[in-house]
Each structure stands twice: as structure tokens, then as C-alpha cells.
Amino acid sequence: MSEIALQAEGIVAGYVPDLTILRDVDITVKRGSITVVIGPNGAGKSTLIKAIAGLVPKSAGRIVHEGLDISDIRPDQLAVSGITYVPQMDNIFRTLTVRQNLDLSLRGLKSGGYSRRDELCTLFPALAEKQNEKAGGLSGGQRQFLAIAMALAVSPKLILMDEPSAGLSPKAAQDVLERLRRLVEDGVTILLVEQNVKQALRLADHCYILAEGRNQIDGPAADLLADPVVGEIYLGAKRMRAE
Amino acid sequence: MIQNLADGILVGSVLSLGAIGLTMVMHMLRFANFSHAELLSIGAYSALVFDAVYSAIFPFMAAKIGPLSMTWALALSMVFAIAITACSALLIDKLVFRRVRELGSELSMVFAAFGVALIIRNVIGLFFGLGTHLYSKDIVFAVVVSRDPLLLIKPDQVFTLVAALAIMIVLHFVLSRTTLGYALRAVAENPDLAQVNGIRLSHMIALVWLVGGALAAIAGVFYGLTNQISPIIGRDLVLPIFAATIVGGIGSIYGAVAGGFIVGIAANVSLIVLPSGYIPSVPFIIILVVLLIRPNGLFGEARA
């Protein structure tokens, strides 16, 4: 079996036909790893992950998951095929309760939905206590855990995450990112976009840096973290040394 | 006062049924569907046709149901009217709204809705004439519920209220207890997130049109039971139904129910102080007051 979980080649995409945001982007995600995409604001990071999730139209390029071409697959079919996407904001249904959010994600399962819900609540104890509360009332960290639990509901092979630490306190962000590492240990592959560059590089196995909708640099996350040029341009090297 | 309040509640139940469908469509597809009230006309006229057919073929079905003016033929006709109106709603979306949605802006959708409303209204006028029709020509006397204060209610009105409330309870059960209901609410709240959670958007949109059309058909027949049927039902009801939707908050099913009753009661209670000619302005006033106090309506939430 190939060790590549996802391969995107020559992706050209944008929200409207005349405005291309991604220009020939390539990305490869190894099975059982965390791959992070970083870059300045407007680099096209979120667009890339949305294009893979089928939410942004692609005008060129090919995306292959586990040997299967998923370039033109609908977003709802993607979830069924083992890829789930966790958006940056609005990643839970605020007007539904925690339990209803989970049940909605579990509806694709033919059987065992209730036991799977219990498993998810065991995995995220904070959610178990709030099952009957409206998800809109959860704290930022709890919302992110609910979003991850929803993504895990159908036992995905690959999770696409858009800035899971955005808007969280440093402690909550740390909790969420640590939880991602544990998921990978359980066999899930993760592709995430992060603004919290240092934390992301410490967490990830491989990193891609995008700028102006194009690939700039990629390599093992640890190497990029230690690279003085990358540090200077993208990570605020002086500040890092001071820390 | 009591009589006006009772009449308002009864009218409100019909408006609520219309507003539920409208709020679902407006929230999910993000456009003001000014043709929604015409679905009530389609429902009312479909039932009129089937009622005549059944009564002619099966004379025993022309018998009234208990104290109601409704016949067994009309009751059966309602089922067919629901099917025809629901399918019409779906067909209109496929022929017009979906194409405009894929090509144009929200404003184009609004203009398309106006066009659809005019076409439906005039096609009905072309086939059925511009005059009025009745489901039953028999006079149904109101029952004196109270003499002091005087309160008169027709059995048909009680039936429509009870039936409308029963439908709302069923809808509430579906939305709050079933995963299909969660899916509908999820799509209304965040279509992209719903899709990545495995919900097929096109199926949900079709379902919303079917449910909206079915409820509109029921509202149309109920309206026809207690009023005259004419091609301008849609024109007369579009504003109160819109007011009910906006007052309740776009996207809120429960808001639509509350909004329907608020608009119905306010319009009827206003008759005490306003000449009847001014009553059509009452929904406008309610919209203005509610939007000034709560811009998202009573039960609505701000959305991106």
C-alpha cells in the first residue's frame, strides 16, 4: 500500500471564475502524518484546503486520495469516502445541541451510531457533560473539540483542518494541537492550515509554505523550524531567538 | 375585542403555515421569494378541481364531515392538492430559481420570484376566471361560544386551527427529534458545513421546496374553507406571510408560527380602532416596529 494519503497536483482555484487564488499548487500528504500549510495572509492556505474539500471550484489540477481521483467529488461524498473537513470558523451548528451535532455527523453510519457517540464523548469528556446544551453556548476550545469529534464521527482516514487554534486561548490552542498529535498516533492523517506557525511546526511532520497562491518552500517541519531563512521571513526569527 | 382576538388566532394559523415554508426557503436559499403566496393559490385551486371531480364521480363523497362545510371529497382532494403544490414548488425551482441561482445574484432571484408570482396568478385567472369560487355554497352558521362578551366561531375555523396546530407539532417533532430534522436545520444554518458533514445539499433544497409547497397547499385550502377563493389570494396574502416571516426571524420555524399568530391577531384587533381599508397596512407597521427593536426578528439570529 502506498504511503501517500493525499496528492494534489497543479491546483488552480478561486472563488469566482475571473479571480484565481491558487496558481498551480502541489501538495503531498503522507499517511499517518501531520502536514501543515503555512504562509502570510492571503497566501491561499484556506482556499487550498477548501478546494481539496470540494467547497471552492477548481479550474485545473488533480487530487488523488488513496489512489482514487477525488478532483470532482461533491463535498458530501468526500465525508463518505473518508475525508472530513473542519472549517476555521462556524465549524459547528450553533442552533443544535451538542448531541444533535454529533448525531448529524453519525447519520452516515449504518449501525453503531449510539455507541460511536459514547466513544466520542469518552474521547472528549467536556462534551459529554454538555450533550443537551446548545453548541452555540460552548467555549472556543469546547467548540473546537466538538468540531473535531464531528469530524471523527465517521472514522475518517484524513482530516482537513483550517486553523484549529484560531481564536483560542494559548492553553486551549495547546490542548487542541496536542489532541491532533494523539489522533495521528491512532492512525488518522491530518492536513492543516495554521497561523500559529511555531506551534504548528513543532507539531507537524511536514510543512508547505505558500505565498501569493504558489508553493514557495516545503520540507520536514523540524528542518524548516531550524532554517534561518525561513525563520527570518515567515517565523519572526528575532522574536524566536529571544524566546 | 374577544371576537377579534379569536378571529386573529384563526387567521394566524393559516398565515403560520404559509410563513413556515417561506422562512425555510428564504433562509436556505437566501432570497425573498415573493411567489411563495402563489403556492397557496395553487393548493386552493387544485383542491377545488379535485373536489368537483370526486363529488361528480362519487356522489357519496359530497357529504359533509360532521358540522364542517368540508366534504369527504374535499378532504381527499387536499391530499392531491398537497402533492400537486409540492411538485409545483419543486418544478418552479428546477425551471426558474435553480438556473437563476447558478447564474445570477440574490437580486435576480427576487425579480424572478416576482415574475413567477405574476405568471402563476395570471395563469390561474386564465383558466378559472377572475371571479370567486367557494368549496361549499351551503351556509355554515357560526356557533355562539359566548353571549357576553359575544363570541361566534364557525366549526370550519376551529378545524383549521386544530389541524394547523397539529401540523406544527408534527413539524416540531421532526425538526427536534429526527436526524432528518437536524439536517434541515443544519443546512439552513450553514450549508457548507452541512455538506462536509455528508448532507447532500440538492436533496435538502428539494425537501424544503416539497415541505414548503405542501404546507402552502394546506394553508391555501384552509384559507378557502373560511374565505372565497380567487386568483388574487397570493396577492392578498403575500404581505401578511412576509410580515409573519420577518417578525418571527428569517430561518426560525417557531418564529414563523409566532409571527403568523402575531400578524393575524394584530390585523384583526386593529379593526377595533382602524377602518377596515387600513388593515393591509398593519403588517407593514408590525414589520417596522419589530425590525426597529430586534433587527433579526423575534427568534432570528444574525448570520453572515
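Reply: Helices are DSSP runs of H or I with at least four residues, and strands are runs of E with at least two, numbered from the N terminus. On that count chain B has eleven helices and two strands. The model is a predicted one.

Me: What pattern does chain B follow along the sequence?
Reply: Chain B reads α-α-α-α-β-β-α-α-α-α-α-α-α.

Me: How do you know that the radius of gyration of chain B agrees with that of a compact globule?
Reply: The globule rule is 2.2 Å times the number of residues to the power 0.38. For 304 residues a compact globule would have a radius of gyration near 19 Å, and chain B has 19 Å, so the two agree. Along the principal axes, the C-alpha atoms of chain B fill a box of roughly 55 × 45 × 40 Å.

Me: What is the secondary structure of chain A, and why is chain A called as compact as a globular protein of its length?
Reply: Chain A comes to eleven helices and ten strands. Its radius of gyration is 18 Å, close to the 18 Å that the globule rule gives for 243 residues, and it is therefore as compact as a globular protein of that length. The C-alpha trace of chain A spans about 50 × 45 × 40 Å along its principal axes.

Me: Which residues of α1(B) and α2(B) meet, and how do they divide by type?
Reply: From α1(B), B:G18, B:G21, B:L22 and B:V25 meet B:H36, B:A37 and B:L40 of α2(B). The residues of this contact divide into four nonpolar, three polar and no charged; Gly counts as polar here.

Me: How do you know that α3(A) and α6(A) are roughly parallel?
Reply: The axes of α3 (residues 98-106) and α6 (residues 140-152) of chain A come within 8 Å and cross at roughly 25°. Angles under 35 degrees count as roughly parallel, and α3(A) and α6(A) are therefore roughly parallel to each other. The crossing of α3(A) and α6(A) is right-handed. The contact is made by A:V98, A:N101, A:L102 and A:S105 of α3(A) with A:L146, A:A149 and A:M150 of α6(A). Its residues divide into five nonpolar, two polar and no charged.

Me: What makes β2 and β5 of chain A edge strands?
Reply: Four strands of chain A form an open sheet in the order β2-β1-β4-β5, with antiparallel pairing. Its edge strands, β2 (22-30) and β5 (68-69), each pair on one side only.

Me: How do you know that β1(A) and β4(A) pair?
Reply: Two strands pair if DSSP finds at least two bridges between them. Strands β1 (residues 4-13) and β4 (residues 58-65) of chain A pair in the antiparallel sense over six bridges. In β4(A), A:I63 is the bridge partner of A:A8. Helix α1 (residues 45-53) of chain A packs on this sheet, touching β1, β2 and β4, and its direction makes about 110° with that of β1(A).

Me: Why are β6 and β10 of chain A placed at the edges of a sheet?
Reply: An open sheet of six strands in chain A has the order β6-β7-β8-β3-β9-β10, with mixed pairing. Both β6 (83-86) and β10 (214-220) have a single partner strand, so one side of each is left without a neighbour in the sheet. The twist averages 15° from one strand to the next.

Me: In what sense do β7(A) and β8(A) pair?
Reply: Strands β7 (residues 158-162) and β8 (residues 189-193) of chain A pair in the parallel sense over five bridges. The bridge partner of A:D162 in β8(A) is A:V193. Helix α1(A) lies across β3 (34-38), β6, β7, β8 and β9 (206-211) of chain A, running at about 145° to β7(A).

Me: What makes up the side of chain B that touches chain A?
Reply: In this interface 15 residues of chain B are in contact with 22 residues of chain A. The elements of chain B that give two or more residues to that side are α6 (179-189) and α7 (191-196), and α6(B) gives the most, with six residues. The residues on the side of chain B divide into six nonpolar, five polar and four charged.

Definitions and conventions. Residues are numbered from 1 along each chain as its sequence is written. Chains are lettered from A and ligands numbered from 1 in the order in which they are written. This is a predicted model: local features need pLDDT of at least 70, side-chain atom pairs count only at pLDDT 80 or more; totals for chains, interfaces and linings use all residues. Two residues are in contact if their C-beta atoms, placed from the backbone, lie within 7 Å. Axes are lines fitted to C-alpha atoms, for helices over the stretch in contact, and angles run from 0 to 180 degrees between N-to-C directions. Angles under 35 degrees count as roughly parallel, over 145 as roughly antiparallel, 65 to 115 as roughly perpendicular and the rest as oblique. A crossing is left-handed if the near helix is turned anticlockwise from the far one by less than a right angle, and right-handed if clockwise.
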